[in-house]
Amino acid sequence: PVYETLSDRVQRILDKWRSKTKDYESIYREGVKIVEEINALSARQKELDLTDLEYSVLLILEKRFPQVNWLNDIKELTNVIKDKLFPGWTLQKTVMKEVERDIRRFLRKYVASYNIDLAEIDNLSRQIKDNFEEYGKN
């Protein structure tokens, strides 16, 4: 998820290259931009001292609410959930539901402040849960 849009751009470059496009300079420039963006994201993650999981959640929330400083809130969320993330936790329906409930509880705190409706809570919750599944594997 952190590099989701970047991976789409890389795929587009690969498709261009495979289609025997003769504009190799354009392909190279796009590739360099992507590498620079990845490096900038990685540098920011290190600067903020966030794990991959925390940073992926930050990017989701910043995309929707760019004006908000989420760092402490994200640390709080991951601290609440981290004890539930054991090897194989995604196979346990009860634990999955608890994680989802904690994420939704976290998001509900911001309903009034940021005008979040139920559909958006569902969408953000799903995205964040997917990141916990991906990066919280242990």
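I take a helix here to be a DSSP run of H or I with at least four residues, numbered from the N terminus. The model I consulted is a predicted one.

Entry 1, Asp73. I looked up D73 and found it in helix α4, which spans residues 71–81. I then asked which side chain of opposite charge is nearest to D73. It is K109, at 5.2 Å. A salt bridge requires a side-chain nitrogen of Lys or Arg within 4 Å of a carboxyl oxygen of Asp or Glu. I therefore record D73 as buried and without a salt bridge. Setting aside neighbours within four places in sequence, I noted contacts of D73 with F106 and Y110.

I examined how helix α5 (residues 93–108) meets helix α7 (residues 118–135). Their axes come within 9 Å and cross at roughly 130°. I therefore class α5 and α7 as oblique to each other. The crossing of α5 past α7 is right-handed. On the α5 side, I listed M96, E100, I103, R104, L107 and R108 as making the contact. From α7, the contributors include L118, I121, D122, I128, F132 and E133.

I returned to E133, which lies in helix α7.

Technical notes
Residues are numbered from 1 along each chain as its sequence is written. This is a predicted model: local features need pLDDT of at least 70, side-chain atom pairs count only at pLDDT 80 or more; totals for chains, interfaces and linings use all residues. Side-chain values use heavy atoms; hydrogens and water are left out. Helices (H or I, at least four residues) and strands (E, at least two) are DSSP runs, numbered from the N terminus. Buried means under 20% relative accessible area, exposed over 50%, partly exposed in between (1.4 Å probe, protein chains only). Lys and Arg count as positive and Asp and Glu as negative; His and the chain ends are not counted. Contact means heavy atoms within 4.5 Å. Axes are lines fitted to C-alpha atoms, for helices over the stretch in contact, and angles run from 0 to 180 degrees between N-to-C directions. Angles under 35 degrees count as roughly parallel, over 145 as roughly antiparallel, 65 to 115 as roughly perpendicular and the rest as oblique. A crossing is left-handed if the near helix is turned anticlockwise from the far one by less than a right angle, and right-handed if clockwise.
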